[in-house]
Amino acid sequence: MKIALNNVGRRFNKEWIFRNLSAGFTSGNSYAVLGPNGSGKSTLLSVLTGSLAPSEGQIIFSDEKEIPVEDIYQYISLAAPYLELVETFTLKEIVNFHFKFKNFAVGVDAKSLISILGLEKSANKEIKYFSSGMKQRTKLALACCSDSPILFLDEPTSNLDVQGINWYRELIENFTKDRLTIIGSNQIQEYDFCNEHIQIADYK
Ligand SMILES: Nc1ncnc2c1ncn2[C@@H]1O[C@H](COP(=O)(O)OP(=O)(O)OP(=O)(O)O)[C@@H](O)[C@H]1O
């Protein structure tokens with residue numbers, strides 16, 4: 001899989017969030033999109049997931065041949081603070097719902113995913129009664145344990161405590177091999193495994 005950006009820029013009204021960004025993202029690598037609050041990390045991630053069109057420049061998705069932007073969602077898993085879980089579902093129901101649209105990563109099924117989460121006792125609890133950390137773990141596990149070749153994680157450790165951060169790092173170790181992984185972050189423990197860094201400030 002490859003995502004190629006060619007002189008990409010995005011603006012909202014008259015404000016350019018980033019400009020002249022040319023970069024290639026390929027399978028087997030992990031990339032960190034870095035910058036302070038409000039710098040444009042989520043905006044760039046939205047462009048990279050195909051959900052936001054660039055204001056200028058070109059984005060090309062390919063896997064041997066070009067993939068139209070309207071099809072790219074099939075190749076992507078995403079966990080982000082602005083993506084909400086369905087609150088009235090139980091954990092079991094949300095896992096079953098999610099995997100009606102995606103396939104499980106190799107070696108994972110609904111039962112083992114709940115065990116990876118460490119939430120066996122909450123399997124029949126509605127998401128609305130989950131703590132913010134439990135919700136965040138659930139979002140990360142759903143994204144990481146899907147078999148999609150591209151994985152986007154925006155602010156992956158928000159709401160996680162030290163134990164949760166260690167759990168996240170183990171998840172990354174087990175589920176990012178051979179994938180194209182892109183992390184939006186400003187916290188080193190979220191992205192220190194990434195082999196390439198993109199500083200939004202370099203494209204202002
Ligand atoms: N739909 C929108 N319309 C207008 N401005 C927007 C829109 N979305 C984002 N922005 C602006 O773009 C800039 C970058 O926002 P973005 O959410 O990408 O930053 P971020 O680096 O992800 O921030 P944070 O670390 O706080 O999540 C901000 O100034 C924000 O107000």
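The buried residues of α1 are Lys41, Leu44, Leu45, Ser46, Val47 and Leu48. Buried means that 20 or more other C-beta atoms, placed from the backbone, lie within 10 Å of the residue's own; exposed means 12 or fewer, and partly exposed is in between. Helices here are DSSP runs of H or I with at least four residues, strands are E runs of at least two, and both are numbered from the N terminus.

This is a predicted model: local features need pLDDT of at least 70, side-chain atom pairs count only at pLDDT 80 or more, and totals for chains, interfaces and linings use all residues. Numbering starts from 1 along each chain as its sequence is written.

Six of the eight residues of α1 are buried, leaving the helix mostly covered. The cover over those buried residues includes several strands, among them β1 (2-12), β4 (56-63) and β8 (180-185). After α1 comes Gly50, with a positive phi near 85°.

The ligand comes next. Phe12, Ile17, Gly35, Asn37, Gly38, Ser39, Gly40, Lys41, Ser42 and Thr43 surround the ligand. A residue is near a molecule if its C-beta atom, placed from the backbone, lies within 6 Å of it. Helix α1 (residues 41-48) gives the most to this shell, with three residues. By class, the shell has two nonpolar, seven polar and one charged. Nonpolar covers Ala, Val, Leu, Ile, Met, Phe, Trp, Tyr, Cys and Pro; charged covers Asp, Glu, Lys and Arg; the others, Gly among them, are polar.

Arg10 sits in strand β1. Arg10 counts as buried because it has 22 C-beta neighbours inside 10 Å. Which residues does Arg10 touch, not counting those up to four places away in sequence? They are Ile17, Phe18, Thr43, Val47, Leu52, Pro54 and Ser55. Contact means C-beta atoms within 7 Å.

| Item | Value |
|---|---|
| α2 | residues 91-101 |
| α3 | residues 110-117 |
| Packing angle | about 125° |
| Axis separation | 10 Å |

That angle makes α2 oblique to α3. Under 35 degrees is roughly parallel, over 145 roughly antiparallel, 65 to 115 roughly perpendicular, and the rest oblique. Leu91, Val95, Asn96 and Phe99 of α2 meet Ala110, Leu113 and Ile114 of α3. This contact has six nonpolar, one polar and no charged residues.

Terms used: Two residues are in contact if their C-beta atoms, placed from the backbone, lie within 7 Å. Axes are lines fitted to C-alpha atoms, for helices over the stretch in contact, and angles run from 0 to 180 degrees between N-to-C directions.
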